[in-house]
Amino acid sequence: MRLFEAIIDANHRAVAGDASAGLHPADFADELPVIALTCVDPRLNALFPNALALPAEEFIWLRNAGNIITGPLSSTMRSLALACAVKGGREIAIIGHTDCQVCKTTAMQLLDKLKDLGVERHLLPDNLNEFFGLFSSERQNVIKACDIVRHSPLIGPKIPVHGFLVDIETGKLEWIVNGYEAWQTLPAASDAIKGAGPMTEALGSFTAFNIGEMKFPETKIGEAVAKAEGWLTEQVGQLKMKPVSTPPAQPLPAAPAVPPKIPLPPPIRPRIVPTRGRR
Ligand SMILES: [Zn+2]
C-alpha cells in the first residue's frame, strides 16, 4: 500500500469513528515528507496535518488564497519546486476544501471589495478572473492545479502529484487526482491551462532558455531567480494579452444567517515512533 492509499484509508476510518485509525510513518519513509498546498482559510488550521495522519515534521505546508496555481512558473510553483529540491518533499498534494470563499467570489464582487479597500480599478489588470485565478468549482480548481504542476518543467516525473477535496466540516478527504496513476490531461483542464495566462504562454520561450548561459558562478538561488525573473518579465511583456474565454464565476449565494460551527479535527493521530535518525 502506498502512502496516500494508507492516508485515505486512515482518514475515512477515523471520520467513520474508528479511534484506532492512524498511520505508521516509518512504513513510508521513502514517500515522506509530503508537500501540501491548501487554501488560507483559517478553518483548515485545526484540520492539518491531523486529517492526513501525518506528524508535523513530515508535513510541508504551503498556502495561498484558494490553493490556486496560476501558471507552471508561478511563485507558488517555484516554492513547490524548492520544497522538493531543498526540503526533500517526495509527494505533492493539492488540497482544496468545501465552502471555499474564493470560489464563491465573482470578479465583480472582488472588484467592489478591493474598491472598498482603496484599490484603484485602473491599476488592476483588465481580466481579474485570469489574474487572480478565480474559479467557480473547487473540484475543477484542484484538477487544473494538478495538471499545471504535473506539466511544470520545475517538477520532475519522480514526484507524484495528487489532488484532494477536504470537507471543512468533517475533515474527510476525497481523492480527486491519483498521482500514482499515469496522468492524462483532461480536455477541460487543458483549456484551463491554456487560459492560465501569459506565464503559460512564455513557457515555450522558457524551455529554450539555457540558464547555464547566464554565467553567474556561485550565484545563490534567490539571485538567479531574480535575474531569470527579469528576463521572464521581459518576455512576458512582449506577449500580447489574448482574449480570455474563462466562464463567468457563479453568483454568490445568500450568506447563511448563522455562521457555521467550528469543526473539531477528526480523531486521527499519527502513531509516533522513536526517532529514526533519518534527519
Ligand atoms: Zn478557501
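This is a predicted model: local features need pLDDT of at least 70, side-chain atom pairs count only at pLDDT 80 or more; totals for chains, interfaces and linings use all residues.

Analyst: C100 is buried, because its relative accessible area is 2%, under the 20% cut-off for that class.

H97 falls within strand 3, residues 91–97. That strand belongs to an open sheet of five strands, ordered 2-1-3-4-5, with mixed pairing. Strand 2 (59–63) and strand 5 (173–177) have a single partner strand each, so they form the edges, and one side of each has no neighbour in the sheet. From one strand to the next the twist averages 30°. Strand 1 and strand 2 pair in the parallel sense, over five bridges, and I35 is placed opposite I60 of strand 2.

Helix 1 lies across strand 1, strand 3, strand 4 (161–166) and strand 5, at about 150° to strand 5. Helix 5, residues 138–151, lies across strand 3, strand 4 and strand 5, and runs at about 165° to strand 4.

The loop between helix 1 (3–15) and strand 1 (34–38) holds E31. E31 has a relative accessibility of 13%, which means that this residue counts as buried. Its side chain makes a polar contact of 3.3 Å with the side chain of R2. Beyond its neighbours within four places in sequence, E31 is in contact with R2, L3, R90, E91 and Y180. Of these, E91 is a residue of strand 3.

Helix 3 spans residues 107–116, and its buried residues are A107, L110 and L114. Viewed down the axis of helix 3, these buried residues fall within an arc of 60°, so they line one face of the helix. Among what covers them is helix 4 (128–132). M108, K115 and D116 are exposed on the other side of helix 3. After helix 3 comes G118, which has a positive phi, near 85°.

Definitions and conventions: Residues are numbered from 1 along each chain as its sequence is written. Side-chain values use heavy atoms; hydrogens and water are left out. Buried means under 20% relative accessible area, exposed over 50%, partly exposed in between (1.4 Å probe, protein chains only). Helices (H or I, at least four residues) and strands (E, at least two) are DSSP runs, numbered from the N terminus. A polar contact is a pair of N or O atoms within 3.5 Å; within protein, one must be able to donate a hydrogen and the other to accept it, and residues adjacent in sequence count only if both atoms are side-chain atoms. Contact means heavy atoms within 4.5 Å. The arc is that of the directions from the helix axis to the C-beta atoms. Two strands pair if DSSP finds at least two bridges between them. Axes are lines fitted to C-alpha atoms, for helices over the stretch in contact, and angles run from 0 to 180 degrees between N-to-C directions.
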